[in-house]
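Here is the note you asked for on the two-chain model. Please read it with the structure open beside you.

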Amino acid sequence: MASAKEIQNRIKSINDTMKITRAMYMMSSMKLRKARQRLDNTEPYFYSLQEQIREILYHFPDMEHLYFDNRDEDEQEKVKRRGIIVLTGDKGMAGAYNHNVIKEAKQLAETSENPRLFIVGEVGRNFFEGIQASVEKEFRFSTNHPTIHRARVITEEIVELYQQEELDEVYIVCTRMVNSMKQETEVTRLLPFATHEFIDQELLERAREEQAAKNRTSEELAEAASQEYDTGEYIIYPSPYEVLNSLAYNYVTGYIYGALVEAFACEENARMIAMQSATDNAEAMLHDLSIEYNRVRQAAITQEITEVIGGAKALKKKKKKQQAER
Amino acid sequence: MSSFELKIVACDRLFYQGECHSLIFPGYDGEIEIMANHAPMVTMVEIGELRYRPEEHADWQKVIVSDGFIQVDHNKVNVTVYSAERPEEIDTFRAEAAMERAREQLQQKQSIKEYRISQASLARAMARLKSTGVHTDPK
């Protein structure tokens, strides 16, 4: 059994560590709250962009565009040059968060030919540079405190390569928050957009609206009919192509910004949970150690008492002996 | 007098949602005004000053916007822009600093990509400064 002094030292060091984990927990929870707020704030913007792309595609489903996947050239190409954007954290101590992202990204990179990796976050960069993957050296961004400006710069970089056709497909590996306890790593194709998905969604939406219209009372219907002034014309100015061009660009920016914010929120959430369990573990250890410490202390006291009693007894015997001899 | 529903969405917040009598925004090749019962339309919004009238004789409300889109459909107008600010919210000092920075960057040799970014920041900074300046009055 360890001595009381040793146990006391351990208790002290665990206490110190616990202070750190607790502080990190608090910081993470604060950052998480901010990130969540930002995510909520940006959602209307993102949905609005998505809706507009859907609208245009619904009216012009056959339009061929660089950003969409219905071009003939795309179907003819056999080899796709893939760009993979990976969003990892800047530091560890976040449970399995970084591992999950890296695992997915590695898998995707291994299944594609000559992928180019665009890595955001220090942890992922270190890993992929370590295994000699083709990491873009110039592409250096951090996931800490995402801003829309950073999302723009990233988009500019990616879209430029995509427009020069140096990349045929762009994937993004990031983490989504399912609920506050659960998060999932997700691989999504960012570019080109899946045209039919947009159109399908628009059709679904329209069907739902029609369904809602059927359920309305006749009065409401009459009112709605009087407001109807549809000329059947749909103006897209200056041209659908032009509008889609910049709409798609903004959509990518919005998507990347959303992904950055969500990844940041997930990272902080993972860190919060990790730090929480570290604090819990430290508490459990402290509990065990304090029991052990008390036991050791008790044992030492008992031993001392026994020694004193033994000594006293021996002295008594000696005295008796001396008295008898006299 | 008829009015329409206006919704202005910026990337960091829902800027405005409510009634609007008329709306003027910086379009692809000049300012465009939208009034009630406009035909369905989708077009781009450039960096500059957007203004709207919540009621017929109300004062124009100025908003500094950067690039985005506008969608008109069944008397509902959705403006989706990257940023939207009222003139009094603008930090002149910051805008000036941004303008200086962008000017400086534009004088250096840059790739086309960097050039575009600096040019957009310059345009944004100038639009912001213009709205807070004394000599501009849209009426």
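The points below go through the sheets, the helices, the contacts and a few single residues in turn.

1. Basis of the note. This is a predicted model, in which local features need pLDDT of at least 70 and side-chain atom pairs count only at pLDDT 80 or more, whereas totals for chains, interfaces and linings use all residues. Residues are numbered from 1 along each chain as its sequence is written, while chains are lettered from A and ligands numbered from 1 in the order in which they are written.

2. The sheet of chain A. Chain A has an open sheet of four strands in the order β2-β1-β3-β4, with mixed pairing; strands here are DSSP runs of E with at least two residues, helices are runs of H or I with at least four, both numbered from the N terminus, and two strands pair if DSSP finds at least two bridges between them. Because β2 (116-120) and β4 (183-191) of chain A stand at the edges with a single partner strand each, one side of each is left without a neighbour in the sheet. From one strand to the next the twist averages 20 degrees. Within this sheet, β3(A), residues 169-177, pairs with β4(A) in the antiparallel sense over eight bridges, and A:Ile172 has A:Thr188 as its bridge partner in β4(A).

3. Helices on that sheet. Helix α5 of chain A (residues 148-163) lies across β1 (82-87), β2, β3 and β4 of chain A and runs at about 170 degrees to β1(A); axes are lines fitted to C-alpha atoms, for helices over the stretch in contact, and angles run from 0 to 180 degrees between N-to-C directions. Helix α8 of chain A (residues 240-325) also packs on the sheet, touching β1, β3 and β4 of chain A, and its direction makes about 40 degrees with that of β3(A).

4. Strand pairing in chain B. Strands β3 (residues 22-27) and β4 (residues 30-35) of chain B run antiparallel and are joined by six bridges, forming a hairpin with two residues between the strands. B:Gly27 stands opposite B:Gly30 in β4(B). β3(B) also pairs with β6(B), residues 48-53, in the antiparallel sense over three bridges, where B:Ser22 has B:Arg53 as its bridge partner.

5. Where the chains meet. In the contact between the chains, 21 residues of chain B meet 27 residues of chain A, two residues being in contact if their C-beta atoms, placed from the backbone, lie within 7 Å. On the chain B side, β5(B) gives the most, with four residues, and this side divides into 12 nonpolar, six polar and three charged residues; Ala, Val, Leu, Ile, Met, Phe, Trp, Tyr, Cys and Pro count as nonpolar, Asp, Glu, Lys and Arg as charged, and the others, Gly among them, as polar. Strand pairing also links the chains, as β5 of chain A (residues 235-237) and β5(B) run parallel and are joined by three bridges, with B:Val42 in β5(B) as the bridge partner of A:Ile236.

6. The domains of chain B. Chain B is assigned domain 1 (4-85) and domain 2 (90-132), with bounds that come from an automatic or database domain assignment. The centres of these two domains, taken over C-alpha atoms, are separated by 24 Å, and their contact takes seven residues from domain 1 of chain B and six residues from domain 2 of chain B. On the domain 1 side, β6 and β7 (61-65) of chain B are the elements that give two or more residues.

7. The helix pair of chain B. Helix α1 of chain B (residues 92-107) and α2(B) pack at an angle of about 145 degrees, with their axes 8 Å apart. The residues of their contact divide into nine nonpolar, six polar and three charged, with B:Ala95, B:Met99 and B:Leu106 among those from α1(B), and B:Leu122, B:Ala125 and B:Leu129 among those from α2(B).

8. Residues to check. B:Asn37, in the loop between β4 and β5 of chain B, has a positive phi of about 60 degrees although it is not a glycine, and counts as exposed, with 12 C-beta neighbours inside 10 Å; the cut-offs are 20 or more other C-beta atoms within 10 Å for buried, 12 or fewer for exposed, and partly exposed in between, with C-beta atoms placed from the backbone. B:Asn75, in the loop between β8 and β9 of chain B, also has a positive phi of about 60 degrees, but counts as partly exposed, with 15 C-beta neighbours inside 10 Å.
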